[in-house]
Amino acid sequence: MSDVVVGIDLGGTNVKTAAVSADGRLLGKDSRPTRSEEGPEAVMENMAGAVAAVLESAGVDRSRVQAVGIGAPGPMNWQTGIVYSSPNLPGWRDVPLAEAMSDRLGLAVYVDNDANVACYGEYWLGAGQGVDTMCLLTLGTGVGGGIVVFGKLLRGIDGTAAEIGHLKVMREGRTCGCGATGCLEAYASVTGMVRTAKEGIEEGRETLLTTLSGGDFDRLTGKMISDAARQGDTFAQWVERETGIWIGIGVSSLINLLNPERVVLSGGMIAAGEALFGPVRETAKAMAFDVPARRCEIVPAGLNEDAGVLGAAACAMDRHAGNVR
Ligand SMILES: [Zn+2]
């Protein structure tokens, strides 16, 4: 009986792997360094080793595995399973990830975008449970996004849909990691928050961050900002609020575009709680149309770092059943 799926969350730093039962129970987990600097072949060998280890630790025979799902950083083609390139995976160019992993494992392998699978994980077992239409924003170095509409993950024709971080929020704004200017990510990510702080400090604002960073503002981190804010530093509190306002601007567009029941925010930044969610909700409510804004809940993620592996498993299960267009 094939009643188990394996989900892999392929990140630039770590590969996380989990064996999951078809009804969503986590049977076993593994996390190991990606070894991305060794190139695609070594990374894939590493992932195959992680799958073997997780099945062994869960006591699951390979014959019970329906399929393997991988959430990978893009751009990619989800239908062919080819990863075109990735800023976090050096040397990856047109890697046939699904096929090469399927050959290694002797199992069906499906590849999807990492933020998309995290969204599907939250939809299945996390903060999106019980709703039909939702979005996820992953607030980290960048801003990743995922969208579920009527219970289906919105992949787009090529699989590049839901790049919420690259919604344009300014005509001529900050330069984004993608090369364009004015993207939401350049303001709403941790990197964007640090940039907001640096700009304020350059304007001469007094702040604890001067001490916390040892006067070297290139060493500023999101954690320093949240620590300073919690210690009552009014400048750091202003930076956090500004970041929340930018996120809220992005969320207001999602609300007007999709009329979702829930928008889920994930990433280390959400530990700030109301200091972040307050301005996000106020801004989204003020800027979006009234009816969808009242309907939409803006909530923290429920799965944290398991969203990727659970979502990858769920995507693989759906796709293996032919339940995906
Ligand atoms: Zn961008």
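The model is predicted, so local features need pLDDT of at least 70 and side-chain atom pairs count only at pLDDT 80 or more, while totals for chains, interfaces and linings use all residues. Residues are numbered from 1 along each chain as its sequence is written, and side-chain values use heavy atoms, leaving out hydrogens and water.

**View 1. The zinc ion sits in a tetrahedral site.** His 166 (ND1), Cys 176 (SG), Cys 178 (SG) and Cys 183 (SG) coordinate the zinc ion at 2.0 to 2.4 Å; donors are N, O and S atoms within 2.8 Å of the metal (3.2 Å for Na, K and Ca), and water is not among the atoms, so sites may look incomplete. Angles among the 4 donor atoms run from 106 to 117°, and four donors count as tetrahedral if all angles lie between 85 and 135 degrees. Along the chain, the donors follow the spacing H-x9-C-x1-C-x4-C.

View 2. Buried means under 20% relative accessible area, exposed over 50%, and partly exposed in between (1.4 Å probe, protein chains only).

**View 3. Cys 315 is a buried cysteine.** Its relative accessible area is 2%.

Terms used
Four donors count as tetrahedral if all angles lie between 85 and 135 degrees; four count as square planar and six as octahedral if opposite donors are over 155 degrees apart and all others between 65 and 115; anything else is irregular.
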